[in-house]
Structures are given as C-alpha cells and as structure tokens.
Amino acid sequence: MFHGRYGLDALSRAMIWCALALSVPTLFIQHGSAARYVLSGLTTVILILALLRAFSRNFAARQSELYRFSHIERNIGAFFARARDSLRSGRNEFEERRKYKHLTCPQCMQKLRVPRGKGKLRVTCTRCGNKFNAKS
Ligand SMILES: [Zn+2]
C-alpha cells in the first residue's frame, strides 16, 4: 500500500510519538474540559499530518521537510550536549577552587596554584624561580 508513496520517515515517526505523548494526559483530564479538546485536537492534527506525509507522492517536498527536521533535531541535541558539558566543567571548577588556592607570582604574573589548608607556604614560581610567602 506504500507503493509509490513516500512512507514513514524519521519525521513522521517523531510526529506519531509526539501525538501519542500528547494523548496520554487526556486520559487523566475530565471530559468536556478545554484542555482536553486542545490536546485531542492537536493529537488528531499531528496524526493526520503524519499520515498525509506517509501517503504523499511528492518525495522532494517530504525530503526537504525531513532535512529541516533533522537539522532542528541536531541543533537540539547539540544544545543539550553543550548544557551537559558546561554543567560538568562548572562542577570541576568548583572542586578545583575547593582544593587549591590560585596565586599570581608578583614578579612575572605567572598563575600558580597551591593546595589549600597548608598554612603559610614558601612558594617558588615555576616560571621565573621567584620565591614568595603565601597563605594557603
Ligand atoms: Zn614568577
């Protein structure tokens, strides 16, 4: 029955999943409420659109839709990956600040770090060899 028709692609499948997800809350919303009408209306529209796409003979238009969809999907994926990375690096920085004190060599401005909680330290700069006292 899909002969010569476009068939289900990733976008149509995503639309069907989306419609199913939207239909779940309607099971818990009382009959006759506006929210229920909106949700079931949306579910129906999305399902009809997904079916129209599947039975379409206009492959070029459907493929360009799929292309746009995969582009958006990639952007969303990249957004979450970035959010996850910044969360992780933020946590690492917090650990770093808790364990080490960051100092600057007064002679060459080289950034140095010393372990915290060691009292008064005699710090030797790794770049210029300058020695100075610091509290950790
Ligand atoms: Zn130095």
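**Start at helix α2**

Select Leu39, Thr43, Ile46, Ala50, Arg53 and Ala54: these are the buried residues of α2, where buried means under 20% relative accessible area and exposed over 50%, with a 1.4 Å probe and protein chains only. They sit on the same side of α2, because they cover an arc of only 105° around the axis, going by directions from the helix axis to the C-beta atoms. This is a predicted model, so local features need pLDDT of at least 70, side-chain atom pairs count only at pLDDT 80 or more, and totals for chains, interfaces and linings use all residues. Residues are numbered from 1 along each chain as its sequence is written, and side-chain values use heavy atoms, leaving out hydrogens and water.

Now show α1 (10–26) and α3 (59–99), which the buried residues of α2 pack against; contact here means heavy atoms within 4.5 Å.

**On to the cores**

Next, select Leu103, Cys105, Cys108, Leu112, Val114, Val123, Cys125, Phe132 and Ala134, the 9 residues of the largest nonpolar core. Such a core is a set of buried Ala, Val, Leu, Ile, Met, Phe, Trp, Tyr and Cys residues joined through side-chain atoms within 4.5 Å. β2 (111–115) and β4 (131–135) are the elements that give two or more residues to it.

Then hop to a second, separate core of 6 residues, including Leu11, Ile46, Ala50 and Phe69.

Technical notes
Helices (H or I, at least four residues) and strands (E, at least two) are DSSP runs, numbered from the N terminus.
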